[in-house]
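User: I have a structure to go through. Can you walk me through it?

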Amino acid sequence: MRMSAPEAPRDEQDDADRDGDLRSVLVTSVLNLEPLDEDLFRGRHYWVPSSQRLFGGQIVGQALVAAAKSVSEDVHAHSLHCYFVRAGDPKVPVLYHVERTRTGASFSVRSVKAVQHGKAIFICQASFQQMQPSPLQHQFTMPTVPPPEELLGHEALIDQYLRDPNLQEKYRVGLNRIAAQEVPIEIKLVNPPTLSQLQTLEPKQIFWVRAQGYIGEGDIKMHCCVAAYISDYAFLGTALRPYQSKCKVKFMASLDHSMWFHAPFRADHWMLYECESPWAGGSRGLVHGRLWRRDGVLAVTCAQEGVIRLKPQVPASKL
């Protein structure tokens, strides 16, 4: 299935600029699974977070790649629902077993189990649909925000924070750690907080995001897989924003992750990621997300719940 939806002219010009670049590592490496047998694949790792657990977005994206390889070209992913069962081990590859649960005229369902050390670390149900026209169409309105060309890149923004002499050491350490990570995506924050605002952040954030490198039009299935990888980055952290100045994270991990794909999109074009956490409690946090195309079309909706255990910071007066 070829992408045919219109995109903003700036992205088209950006394609011309990036066409000579290396293809995105998300396509050539991270999401390039090795076939071992029918419906059995092996995935390797590219980026491992400082937690030394496998990045959840990588597992979701690779699982969707495995599921997509078992369906026909005339269907595309419309939803997936995942559970993270065990922490992933970055020292060994992941095996993906695909079960062809149902192949219907309009909808096909695939079950995927990710395995390490003989045990499931992740399970996923993905549903694919043949394109069907419908008079039932509506969506929310995309937020009005500055375009990515007017915003600082992630590296430039971090450098700006680090050059501020009033930056507290605890934030300086965290920012240096983020700057050292080699993540294959680009991010530009909308309305980045000032140092004085770090004490009173809402559980919401908006940023532009896209895959590094060039992917091209290609099959919409691959763009969905790349979006699955992107969707998990900084997502659960939305629930932590009000507590950044009050507590330190003792443990944080995704429990489940769901996505719904609404319209064709390019994951190597800038998309606006609108994230909010409507609830947290019981050592868990819930986050919702919407990925918008630049032309205002709602492309993807996401939801995730994670376990979050915090360690209260000791007041300076008691040190």
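Here is a short chat about the fold, the charged pairs, the rings and the surface.

User: What kind of model is this?
Analyst: It is a predicted model.

User: How many helices and strands does the protein have?
Analyst: Six helices and twelve strands.

User: What share of the residues counts as buried?
Analyst: Of the 319 residues, 48% are buried. The accessible surface is about 16,200 Å², and carbon and sulfur atoms hold 52% of that.

User: And what about contacts between residues at least 6 apart in sequence?
Analyst: Of those, 74% join residues at least 24 apart.

User: Charges next. How many salt bridges are there?
Analyst: The count is eleven. One of them joins Glu305 and Arg284, with 2.8 Å between the closest N and O atoms. That pair links distant parts of the chain: Glu305 is in strand E12 (residues 298-312) and Arg284 in strand E11 (residues 284-293), 21 residues apart.

User: Is Glu305 buried or exposed?
Analyst: Glu305 counts as buried, because its relative accessibility is 18% and the cut-off is under 20%. Arg284 is at 34%, so Arg284 counts as partly exposed.

User: Which residues share partners in a salt-bridge network?
Analyst: Glu274, Glu276 and Arg290 are joined into one network.

User: What about Asp268 and Arg266?
Analyst: Their side chains meet in a salt bridge, 2.8 Å from N to O. Asp268 is buried, at 0% relative accessible area. Arg266 is buried too, at 6%.

User: Where does Arg163 find its partner?
Analyst: Arg163 forms a salt bridge with Asp159, and the closest N and O atoms are 2.9 Å apart. Arg163 is exposed, at 59% relative accessible area. Asp159 is partly exposed, at 37%.

User: Switching to rings. How many aromatic pairs are there?
Analyst: Five. Ring pairs link Phe55, Tyr229 and Tyr233 into a cluster.

User: Which residue lies over the face of Trp208?
Analyst: Arg294 does, at 5.8 Å from the ring centre.

User: Now Arg102. Where does it lie?
Analyst: Arg102 is in strand E4 (residues 94-103). Arg102 counts as partly exposed, at 48% relative accessibility.

User: What does Arg102 touch?
Analyst: Leaving out residues up to four places away in sequence, Arg102 touches Phe107, Ser108, Val109 and Arg110. The C-alpha atoms of Arg102 and Ser127 are separated by 9.3 Å, and these two residues are 25 residues apart along the chain.

User: Last one. Which residues form the nonpolar patch on the surface?
Analyst: Tyr243, Val249, Met252 and Leu310, with about 300 Å² of accessible area together. Val249 lies in strand E9 (residues 247-261). Val249 is partly exposed, with 43% relative accessible area.

How values were computed:
Residues numbered from 1 in each chain as written. Predicted model: local features only at pLDDT ≥ 70, side-chain atom pairs only at ≥ 80, totals over all residues. Heavy atoms only, no water. Phe/Tyr/Trp six-rings, centres within 6.5 Å; stacked < 30°, edge-to-face > 60°. Lys NZ or Arg CZ within 6 Å of the ring centre and 35° of its normal. Helix = DSSP H or I, 4+ residues; strand = E, 2+ residues; numbered from the N terminus. Buried < 20%, exposed > 50% of the residue type's maximum accessible area, 1.4 Å probe, protein only. Contact = heavy atoms within 4.5 Å. Patch = residues over 30% accessible without salt bridge, like charges linked within 9 Å, V, L, I, M, F, W, Y side chains within 5 Å. Areas by Shrake-Rupley, 256 points an atom, 1.4 Å probe, with all protein chains shown as cover. Salt bridge = Lys/Arg side-chain N within 4 Å of Asp/Glu carboxyl O.
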